[in-house]
Amino acid sequence: MRERLSKVLAAHGVASRRGAEALIESGRVRVNGQIAVIGQKIDVESDAVEISGRPLRPRPEPITILLHKPRGVVTTLSDEKGRRTVRDVISEIDTRLVPVGRLDLNTEGLLLLTNDGALVHYITHPSHEIEKEYHVWVTGPVDTAKPILARPMTIEGHTVKSLRVALVERREDGGVLALVIHEGRHHQVRLMCEQAGLTVKRLVRVRLGFLTLQGVPYGKWRKLTPPEIKKLKQ
Ligand code: URA
């Protein structure tokens, strides 16, 4: 089967698609001894690919992990500002995994990371409508905010709505809300709560579809099992 070289390099964990193109452009990639060019397609079965004179390592096993992301960690693989990234948290894994979607710097909770491109596509595609549940520690008028959060709202020009909103704990100055949404717009839960007159103190994603944080302590991770991956792709 013929595939784009940059896609093959990314699938083998060499770099991102863009990083692989830069590598090709630098002239460090050869196919059957010839310097590769951008846009080139190769036969993964029979063509010999070398990077800086070294043969391309075998395609890694697909792996997907569920991370209990701590607060103050950036959902990227490298950060220009030198902040701690999700890659630092899972540094014991030597395969290049990409985050599926993202959580804000100060959001905690369930984040998947994978090298399975099909899974990324499946989970992030809006048509699959996977539920995301958040627990939000807020201060402010929770009783008036609840019906506002339950109705469609306009956030930065887009209509969004929560599928369910519940007050799971009442506190003197606010409480803890459980909010379920389908979409995953940038800062969506924070913006929705702000628009409803609340101040967000802490935000935790506690569920993605049927996956929860159960058994995964703060800052730790576990591998998804083959049946879980199968179920996610259904
Ligand atoms: N909504 C937010 O506001 N932030 C997140 O990190 C996730 C959802």
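## Ligand shell

By class, the shell around the ligand holds four nonpolar, three polar and two charged residues; here Ala, Val, Leu, Ile, Met, Phe, Trp, Tyr, Cys and Pro count as nonpolar, Asp, Glu, Lys and Arg as charged, and the others, Gly among them, as polar. The model is predicted: local features need pLDDT of at least 70, side-chain atom pairs count only at pLDDT 80 or more, and totals for chains, interfaces and linings use all residues. Residues are numbered from 1 along each chain as its sequence is written, and side-chain values use heavy atoms, with hydrogens and water left out.

The residues around the ligand are Leu103, Asp104, Thr107, Tyr134, His187, Gln188, Val189, Arg190 and Leu203, where a residue is near a molecule if one of its heavy atoms lies within 4 Å of it. Helix 6 (residues 188–195) contributes the most to this shell, with three residues; helices (H or I, at least four residues) and strands (E, at least two) are DSSP runs, numbered from the N terminus.

On its own the ligand has 240 Å² of accessible area, of which the protein covers 96%; accessible areas come from the Shrake-Rupley method with a 1.4 Å probe.

## Domains

The domain assignment of the protein chain, which is automatic or from a database, gives domain 1 (2–55), domain 2 (64–126 + 211–232) and domain 3 (131–208). Domain 2 and domain 3 each supply at least three residues to the shell around the ligand. The C-alpha centres of domain 1 and domain 2 are 27 Å apart.

## Sheet and a buried loop residue

An open sheet is formed by four strands in the order 3-2-5-6, with antiparallel pairing; two strands pair if DSSP finds at least two bridges between them. Strand 3 (34–35) and strand 6 (54–55) are the edge strands, each pairing on one side only. Strand 5 (residues 49–51) runs antiparallel to strand 6 and is joined to it by two bridges. Ile51 stands opposite Arg54 in strand 6.

Leu224 lies in the loop between strand 17 (221–223) and helix 7 (226–232). Leu224 has a relative accessible area of 7% and is therefore buried, the cut-off being under 20%. Leu224 and Ile63 are 161 residues apart in sequence, with 7.7 Å between their C-alpha atoms.

Technical notes
Buried means under 20% relative accessible area, exposed over 50%, partly exposed in between (1.4 Å probe, protein chains only).
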